[in-house]
Amino acid sequence: MSRLVVVSNRVAPIDEGKQSAGGLAVAVLAALKKTGGIWFGWSGDVVAAPPSAPSLTPVGKLTYATLDLAKRDYEEYYNGYANSTLWPLFHFRLGLTNFNRRNYAGYQRVNALFASKLAPLLQPDDMVWVHDYHLIPFGEQLRLIGMGHRMGFFLHTPFPAPELLVALPNHADIVRALCAYDVVGFHTTTDLRCFINYIRFEARGTVTERPDGEGYFINAFGRTLVARSFPISIDTEPLVTLAKQAARTRQTERLRESLVGRDLIIGVDRLDYSKGLPQRFESFHCLLENYPANRGHVSFLQIAPPSRSDVPEYIAIRKELETLSGHINGRFAEFDWVPIRYLNKSFTRRSLAGFFRVSAVGLVTPLRDGMNLVAKEYVACQDPEDPGVLVLSRFAGAAEELGDALIVNPYDIESVADALQRALTMPLDERKARYNAMMEVLRRNDISVWRENFVTALAGAPYDS
Ligand code: G6P
C-alpha cells in the first residue's frame with residue numbers, strides 16, 4: 001500500500017480539543033486518522049523569517065509537516081489571490097472578485113515554495129493528494145522539479161461556470177495547472193459539469209466517459225487525467241454516538257433549560273459571505289412577521305466564528321450582520337425572550353453535537369457552497385425517535401444527496417420563512433421518514449467511502465498512455 005501524502009493550506013489543529021472552523025480540516029482529519037501518512041501545509045502562523053524546513057510532529061500514524069508563512073506571503077497568497085480572487089469567483093461572486101498581478105505572483109511563488117519544501121520528504125511510491133483552491137498549481141510545481149508521483153487534487157469549493165471563470169485573467173493557467181494532476185475531484189456533478197464544459201469549450205480538450213461510469217477521461221494541455229465527483233461526507237457512526245452522549249451533558253442541558261419549552265432553530269457557519277447569513281436573518285425576521293404565533297415561542301441560534309478577518313469583505317459582512325441582528329432583536333425582543341442569539345465564537349464538536357440534537361430545525365442556507373458538512377452533521381446528530389428538520393439551500397452541494405431536507409432558494413426570503421414554518425409544524429411521522437431517508441445516505445456514503453473512492457482512482461494513475 002502506497003503512503004498517502006496529503007497537502008492542504010489549512011491543517012487541522014494538532015491538539016484536537018482546539019476545533020478548527022473549516023470543513024476541509026475536519027473531513028481530512030477524519031479521512032487520515034485510520035490510514036495515517038503525512039499531512040503537509042501551513043502552520044497557521046505568520047512570522048518575520050519562516051524556518052527553511054517544515055516542522056515535523058508525529059501524532060499516531062500521522063505526521064504533520066507544517067510551514068510558517070512570511071507576512072508578504074500571507075497577504076498576497078492567502079488574503080490576496082486565494083481569498084480575494086479565487087474564493088469569491090469560485091462561489092459565483094464576480095462582484096466581490098479582486099484581481100491583481102502582485103497577488104497572483106505571490107500565489108504562484110508560495111505554491112512553488114511549498115512544493116520545494118515537500119519534495120525532500122517524498123518517497124518514490126507515495127501518492128500525493130492536494131486539497132483546495134489555495135494549492136491548484138502545487139502539483140504542476142512538483143512536476144517542474146522532477147517529481148513523477150501519482151498526484152490527485154480535490155476541490156472543496158464549487159467550480160464556477162466557465163462563463164464566470166473566463167473573467168479571471170489567468171484562467172487558462174489555472175485550468176492547465178489542474179490538468180497536471182492525474183485525478184481531479186469535485187463535490188458534485190454540477191461542479192464536474194462546469195469543469196468539463198470549460199475543457200470542451202474553452203480549452204478545446206476532449207472529454208470521454210469512462211467505461212466503468214466512474215467519471216471522465218480528460219485530454220487537455222497535453223495530458224490525460226480523470227475528472228470525477230466524490231461527494232465528501234462525515235464520519236457518520238462516531239458522530240451519531242457522540243450526539244447521543246452529548247445530549248446528556250451539562251452544557252446541552254443548560255441550552256435546553258434556557259429555551260423553557262421554546263423551539264430552537266440553529267445555524268452554524270464560518271462568518272463568510274457565501275453562507276447567506278443576511279438573507280437567513282431576513283428569513284427569520286419574515287417568519288416572525290408572517291407567522292406571528294412564533295413570537296416568543298421560537299429562538300434562532302446562529303453560531304458564526306469569524307474567519308479571514310483581515311480581508312475587507314469579511315469585515316463588511318460582520319458589520320452587516322451586527323446591524324441586522326440588532327435590528328431584528330430590537331424590533332421583536334421581549335423582556336423574557338430574545339429572537340436571535342448571535343455568537344461570534346466557535347464550539348467543540350461535542351458541544352455542537354449536543355446543540356444540534358436540541359434544535360428542532362437546522363437552517364443551512366448558503367448562496368453557494370461546495371458541500372456544507374454542517375447539513376450532514378445536523379442530520380446525524382438527531383434523536384431518531386424525535387428528529388428535527390433540515391432546511392437546506394439548493395445551492396449547497398449537500399442538496400444533491402439530501403433531497404429529503406426541505407430544499408429552499410435562499411434568495412427567496414418569504415419562501416424560506418414558509419419552509420421554516422413547515423419545519424416547525426411538521427408531524428412526527430414525516431420528520432422520521434425524512435430523517436431515515438437522509439441517514440441511509442449518510443451511512444452509505446461516509447468519510448471512508450469518500451477517501452477510498454479517491455485513493456482508488458489515484459492508485460490507477462497514470463492515465464497518460
Ligand atoms: C473552507 C475552505 C477550506 C478552508 C476553510 C476554513 O472550507 O474550503 O479550504 O480551510 O474554509 O477557512 P480558512 O481560511 O480559515 O482556512
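Me: How do H1 and H16 lie to each other?
Reply: Keep in mind that this is a predicted model. The axes of H1 and helix H16 (residues 447–459) come within 9 Å and cross at roughly 75°. That angle falls in the range of 65 to 115 degrees, so H1 and H16 are roughly perpendicular.

Me: Which residues make the contact of H1 with H16, and how many of them are charged?
Reply: H1 brings Ala27, Ala30 and Ala31, while H16 brings Ile447, Trp450 and Arg451. Five of these residues are nonpolar and none is polar. The number of charged residues is one.

Me: Which strands does helix H1 lie across, and at what angle does it run to E1?
Reply: Helix H1 covers residues 23–35 and lies across strands E1 (4–10), E2 (37–47), E4 (62–70) and E5 (127–131). Its angle to E1 is about 160°.

Me: Which are the edge strands of the open sheet?
Reply: Ten strands form this sheet, in the order E3-E4-E2-E1-E5-E6-E7-E10-E9-E8, with mixed pairing. On average, its neighbouring strands are turned by 25° against each other, direction ignored. An edge strand here pairs on one side only, and the two are E3 (55–59) and E8 (206–209).

Me: What is the bridge partner of Phe153 in E7?
Reply: Strand E6 (residues 150–154) and strand E7 (residues 183–186) run parallel, joined by three bridges. In E7, the partner of Phe153 is Val184.

How values were computed
Residues numbered from 1 in each chain as written. Predicted model: local features only at pLDDT ≥ 70, side-chain atom pairs only at ≥ 80, totals over all residues. Pairing = 2+ DSSP bridges. Helix = DSSP H or I, 4+ residues; strand = E, 2+ residues; numbered from the N terminus. Axes fitted to C-alpha atoms, helices over the stretch in contact; angles between N-to-C directions. Contact = placed C-beta atoms within 7 Å. Parallel < 35°, antiparallel > 145°, perpendicular 65-115°, else oblique. Nonpolar A, V, L, I, M, F, W, Y, C, P; charged D, E, K, R; others polar.
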